[in-house]
There are 2 protein chains.
Amino acid sequence: MAATLRQVAGRAGVDASTVSRVLRADPALAVRPETRERILTAARELNYRPNAAALSLKLRQTHTLGMLVPDITNPIFPGIFRGVEATAAAAGYRVILVNTDEARDRESLFVDLLTEKRVDGLILATALTDDKTVAALREGGYPFVLVNRRMPGLNERYVSADDEAGARLATEHLIRLGHRRIAHISGPLFTDTGLRRLKAYRECLHNHGIPFESAYVVEGDFREPTGQAAMQHLLELPQPPTAVFCANDLTAIGAMSALRQRGLRLPEDLSLVGFNDLPWTEHLQPPLTTVHVPLPEMGALACTMLLQLLAGVPLQPVAIVVPVRLMERGSTAPPRREGDGR
Amino acid sequence: MAATLRQVAGRAGVDASTVSRVLRADPALAVRPETRERILTAARELNYRPNAAALSLKLRQTHTLGMLVPDITNPIFPGIFRGVEATAAAAGYRVILVNTDEARDRESLFVDLLTEKRVDGLILATALTDDKTVAALREGGYPFVLVNRRMPGLNERYVSADDEAGARLATEHLIRLGHRRIAHISGPLFTDTGLRRLKAYRECLHNHGIPFESAYVVEGDFREPTGQAAMQHLLELPQPPTAVFCANDLTAIGAMSALRQRGLRLPEDLSLVGFNDLPWTEHLQPPLTTVHVPLPEMGALACTMLLQLLAGVPLQPVAIVVPVRLMERGSTAPPRREGDGR
DNA sequence: TTGAAAGCGATACCAC
DNA sequence: GTGGTATCGCTTTCAA
């Protein structure tokens, strides 16, 4: 099955180097048409496919990218991956996907992908606010870009959503509806996205003259169970919030579960906003008000950026912050009139 | 950064072949301890990492697997991938993930992964009932396994859920609750999973003496929008069903949306069962009754099977059908008493 | 217009 | 015990 260049050469009665030229080089090459024809048919007959290893060894590039995600089970990452993979494929690149489970020890493995020259570059969706891997990558001069999560101190090579704007949109929406007791179930505070959304939430409250209540912020981890627990906690507060801004949709789903267990209704008893606009959030009951993030587009942009880096062209935009928008749906409404509830 | 074997050899004052032996071969090798020490430290100091391309070329294996999914955005595939990737990583393998978007033309690309010797084997989650790619793989003698979807005529090399049992569990559950007018929104009928679930549904009705109504079967595509449309269609029937078995959870979510739009309530007005038990289906309102499928485990088993194939050991179990179980939750209940509804 | 030869980075067989 | 050398499959300079 696996025909080599030499075998094709043998069949065509020419040297391997000639075959190489014909098969690869510019079509405007000085080769007798007849020879070219012979080579082409021989290659076809033998079903010739170049050996990737030999190619990489010689050309020093693998045409393979590596992508790291913290948890492929969180639907935002398949969303991003989809965009990455599609643009990579269109450019003749494949992508090795690695799931880190937010574990730092696995991260060093990925630098290996690079040092072993298994991939040409890396797309990281795993960046931590203080990331040794990224630091190593930077000083190693390796090609990489960050997607979704940024990293403090890195002002280029990233594609992320406008987390601040999104959080502001969400919080202001609640304020405009008349809410004053607005809680936030945040993302993990070792992630840039968690931090940014929290910060914008605080600032937004401040700008509207609403005092910040630290009891109204519960740190989550972007997953349902924690969202549920956090919501339970908030409901047990002496003065429970009338609205909650969740750092992502998964958290919001968990929160919805907690509300239901308490027999509370959305949006009558409490308003809820999510973040990401996962494909099925509009099918929830009630449909979730959330911040739309164009995930595949972000993936595509990140991949394009990495490909630029690999091509050696100066980065077009040095970093990209993708705009987001609020999807107003059924999970938010004005607070109940009867004042302080409970 | 990229130190070669030869450079390590130079620093240690030995030949490259000696370095190779020390770094790779059995620890019980005939090498003077002092020499070994010198080599080891030289390698460490230079941060030596073997070049993957050179290794593949020489050893004829890449330690890389390829996995093909039809749509990474459907959460069952990240679920399976998670299991695949974890076991692959544990065995020192990486995995290239390709999203085919159910497009056949992209499939040939993956055979290339193999013929270009870019991967050692393939895991296909994309199999169609009549699949040219799989056929090509078989006659080429390439290492591959199927996961989730099987293929008629292939009685080995697959890991799939027990689709028949699952569909039977779902249908019988509805029958036991007292439903007689039970519809099915199927998967695409060019997939084995779609076909199998439909077949078991029919047989189950038959076994319970319920006549099969072809109007009660609508072909879907495993996605929300189609589930929604299909449900709308079913509700417009002169004699609408009182229960619907959906071929997967995404379809069920779409169906729930359609019900809501009509002002119908679950499970009072209609019972709904899904398939897969995606992580957040229990957080739906009402929580979805569905068939649990252990996705990561299936991925892990498939990967193990492929690794066995690569190791040349005879396949342990030649194929694996993973048991499933019904998760009875809030979306199913006995039909309304008042007879024929509407 | 085409062929010969060197070399990418590693392994493994064969000497010594 | 350790070194030399051929080889994996391909590209690319240099000659002819």
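Chain A holds 12 helices and 12 strands; helices are DSSP runs of H or I with at least four residues, strands are runs of E with at least two, and both are numbered from the N terminus. Its radius of gyration is 26 Å, well over the 20 Å of the globule rule for 342 residues, so chain A is more spread out than a compact globule. That radius is taken over C-alpha atoms, and the rule is 2.2 Å times the number of residues to the power 0.38.

This is a predicted model: local features need pLDDT of at least 70 and side-chain atom pairs count only at pLDDT 80 or more, while totals for chains, interfaces and linings use all residues. Residues are numbered from 1 along each chain as its sequence is written, and chains are lettered from A and ligands numbered from 1 in the order in which they are written.

**Chain A**

The C-alpha atoms of chain A fill a box of roughly 90 × 40 × 30 Å along the principal axes. The domain assignment, automatic or from a database, gives domain 1 (1–49) and domain 2 (163–292). Their C-alpha centres lie 63 Å apart. Of the 342 residues, 51% count as buried, meaning that 20 or more other C-beta atoms, placed from the backbone, lie within 10 Å of their own. Contacts (C-beta atoms, placed from the backbone, within 7 Å) with a separation of 6 or more come 71% from residues 24 or more positions apart.

**The two copies**

A rotation of 180° with 0.0 Å of shift along its axis superposes chain B on chain A, with RMSD 0.1 Å. The same surface serves both: 100% of the contact residues of chain B recur in chain A.

In the interface, 40 residues of chain B touch 40 residues of chain A. On the chain B side, α4, α5 (76–90), β2 (94–99), α6 (104–115) and α11 (249–261) each supply at least two residues. β2(B) gives the most, with six residues.

**DNA strand D**

Around DNA strand D stand 25 residues, the closest being A:Thr4, A:Leu5, A:Ser17, A:Ser20 and B:Ser17. Near means a C-beta atom, placed from the backbone, within 6 Å. Chain A gives two or more residues from each of α1 (5–12), α2 (16–24) and α4 (52–59), and chain B from α2 (16–24) and α4 (52–59).

**Composition of the two surfaces**

How values were computed: Least-squares fit on C-alpha atoms with pLDDT ≥ 70 in both. Contact = placed C-beta atoms within 7 Å. Buried ≥ 20, exposed ≤ 12 C-beta atoms within 10 Å, placed from the backbone.
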